[in-house]
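Subject: Structure handover

Hello,

Here is the structure for you to look at. Please open it first, then read my notes below.

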Amino acid sequence: MAHRQLSWLLHRGRGLASTIRTSYGFDYALPLRRSITYMPRPGDGTQRTVTLIPGDGIGPLVTSAVVEVMKAMHAPLSFERFEVSGKMDKVPDEVMASIRRNKVCLKGGLATPVGGGVSSLNVQLRKELDLYASLVHCFNLPGLRSRHENVDIVVIRENTEGEYAGLEHEVIPGVVESLKVITKFSSERIAKYAFEYAYLNNRKIVTAVHKANIMKLADGLFLESCREIAKKYPGIKYNEIIVDNCCMQLVARPEQFDVMVTPNLYGTLVANTAAGIAGGTGVMPGGNVGAEHAIFEQGASAGNVGSQRLVEQKRANPIAILLSSSMLLRHLRFPSFADRLDQAVMAVIREGTYRTKDIGGTSTTQEIVDAVIAKLD
Amino acid sequence: MQVTPNLYGTLVANTAAGIAGGTGVMPGGNVGAEHAIFEQGASAGNVGSQRLVEQKRANPIAILLSSSMLLRHLRFPSFADRLDQAVMAVIREGTYRTKDIGGTSTTQEIVDAVIAKLD
């Protein structure tokens with residue numbers, strides 16, 4: 001597995017596996033329970049360029065929050081900014097070239113019209129760059145009351161196929177067929193990612209979400225792939241759950257879930273439900289990861305560009321994308337900056353003085369940004 | 001009220017049932033132009049565990065309320081009302097409840113309680 005992908009998998013503060021297998025074929029031992037996830041090598045800390053796509057709606061507001069905080073931290077990042085709008089036919093070539101060059105991108109949402117045959121640019125980006133894993137971490141932020149406590153769920157969602165294959169046709173007027181595509185290759189890939197993530201982050205259970213009782217071939221193939229990969233990780237408990245039961249269990253007893261691996265559509269549903277019960281989509285971090293590239297954006301409901309009023313009043317919640325940018329820092333192997341950003345954001349949430357409307361406060365985006373910068377040590 | 005396509009409907013129904021008390025108590029039915037089938041509302045395909053069958057502790061509330069819908073469908077509203085108020089009274093009292101809604105009763109105890117509340 002690529003070393004870059006490896007470091008992305010190592011997640012903050014959850015305890016560590018005691019040995020890490022590298023792609024170079026040797027093992028090295030890490031002490032347990034350290035918050036820093038690897039030993040920095042000499043030469044780390046060179047400036048990295050990140051492609052920045054502000055996006056539509058609240059996108060520019062929240063991404064500029066990240067840029068401001070990064071500058072205040074003197075993080076070794078520079079941003080290459082591109083204006084892309086959901087109204088465009090496709091993502092401009094220069095933007096794709098920039099992401100391919102920089103390997104990492106930070107973006108706000110790109111508005112997708114409902115219906116009308118125009119494909120989503122968010123989905124297009126994920127497919128073209130083969131960002132096959134979408135990861136959303138839904139957890140209770142200390143100090144933020146929500147419907148359920150003890151929620152700590154990582155949803156790992158297949159990001160390139162399934163119901164989002166985009167293959168629809170009208171057979172005869174009034175009858176539409178939509179193709180859901182599931183491949184062994186993609187299912188194995190995402191299952192492998194999920195188990196490796198669980199292994200490296202000391203997670204105990206991986207749950208596959210499916211509806212194979214109805215979609216016997218499609219979800220059946222997904223399940224088979226998960227089972228095969230599960231055999232290679234005997235130390236991690238594997239179970240399966242039908243998606244409608246899963247939704248019910250999420251709102252009744254979410255503490256039973258740990259890592260969840262899902263096909264494309266169920267993944268967004270499960271992630272949004274889990275985000276909703278643990279504090280809201282305004283605060284959950286996440287990212288889209290492939291073998292070579294990664295795009296970080298708001299965790300759940302990333303395509304949501306907010307309302308016009310939110311933009312005008314500048315009251316969008318930047319917490320989610322701030323925590324996602326901390327994941328970005330960790331991905332680029334700057335764990336100390338990531339840790340500093342995390343603890344500043346968590347401190348602001350815990351105090352509770354500065355919160356946007358969606359989590360019960362009255363602050364503007366700028367007030368949150370200032371509060372986070374003030375908490376940076 | 002929500003109208004949904006097939007898949008989203010089962011997901012939304014299960015989620016809504018989960019937050020409002022659980023799939024063991026929600027009524028529902030399948031209706032066509034000429035026929036109707038009534039069963040447990042959400043998660044109707046769920047047949048429970050072996051242990052639940054052996055211990056006879058399954059929750060009959062959902063299918064009792066669905067059978068009240070059946071009575072209403074057959075145009076027996078007064079019987080439907082009587083059944084509804086008996087079931088609701090048993091739930092409200094709280095003495096007789098199966099494990100999934102926080103009690104320890106068997107199915108038969110719930111049935112006897114509902115029958116006792118019928119006027």
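Start with A:Ser326. This residue counts as buried, because its relative accessibility is 2% and the cut-off for buried is under 20%. Keep in mind that the model is predicted. A:Ser326 sits in helix H10 of chain A, which runs over residues 319-331. Setting aside neighbours within four places in sequence, A:Ser326 contacts A:Ala338, A:Leu341 and A:Asp342.

Now compare A:Asp89. Is A:Asp89 buried or exposed? At 70% relative accessibility, A:Asp89 counts as exposed. The residue lies in a loop of chain A, between strand E4 (77-81) and helix H3 (93-102). Not counting residues up to four places away in sequence, A:Asp89 touches A:Leu121 and A:Gln124. A:Leu131 is 42 residues from A:Asp89 in sequence, and their C-alpha atoms are 20 Å apart.

Next, the cysteines. Take A:Cys138 as a case. The closest cysteine sulfur belongs to A:Cys246 and is 12 Å away, too far for a bond. The cut-off for a disulfide is within 2.5 Å. A:Cys138 is also buried, with a relative accessible area of 0%. A:Cys105 is buried too, at 0% relative accessibility.

On to chain B and its helix H3, residues 61-73. This helix has 13 residues, and at 1.5 Å a residue they should span 18 Å. The end C-alpha atoms are 18 Å apart, which agrees. Which residues of H3(B) are buried? They are B:Ile61, B:Ala62, B:Leu65, B:Ser66 and B:Ser68. These residues cover an arc of only 150 degrees around the axis, so they are on the same side of H3(B). An α-helix has 3.6 residues a turn, so residues three or four places apart point the same way.

What do the buried residues of H3(B) pack against? In chain B, they pack against strands E1 (27-31) and E2 (36-40), and against helices H4 (77-93) and H5 (107-117). Just after H3(B), B:Arg75 takes a positive phi of about 65 degrees.

Last, a pocket. The second largest pocket has a volume of about 1000 Å³. Its lining has 29 residues. Nearest its centre lie B:Thr23, B:Asn46, B:Gly48, B:Leu52 and B:Asp100. Helix H7 (243-252) of chain A supplies at least two residues of the lining, as do E2 and helix H2 (50-55) of chain B.

Best wishes

Technical notes:
Residues numbered from 1 in each chain as written. Chains lettered and ligands numbered in written order. Predicted model: local features only at pLDDT ≥ 70, side-chain atom pairs only at ≥ 80, totals over all residues. Heavy atoms only, no water. Buried < 20%, exposed > 50% of the residue type's maximum accessible area, 1.4 Å probe, protein only. Helix = DSSP H or I, 4+ residues; strand = E, 2+ residues; numbered from the N terminus. Contact = heavy atoms within 4.5 Å. Expected span 1.5 Å × (residues − 1). Arc of directions from axis to C-beta. 1 Å grid on protein atoms, 1.4 Å probe; cavity = no way out; pocket = protein on both sides within 12 Å on 5 of 7 lines; lining within 4 Å. Points joined across faces, edges and corners; volume = space filled by probe spheres on them.
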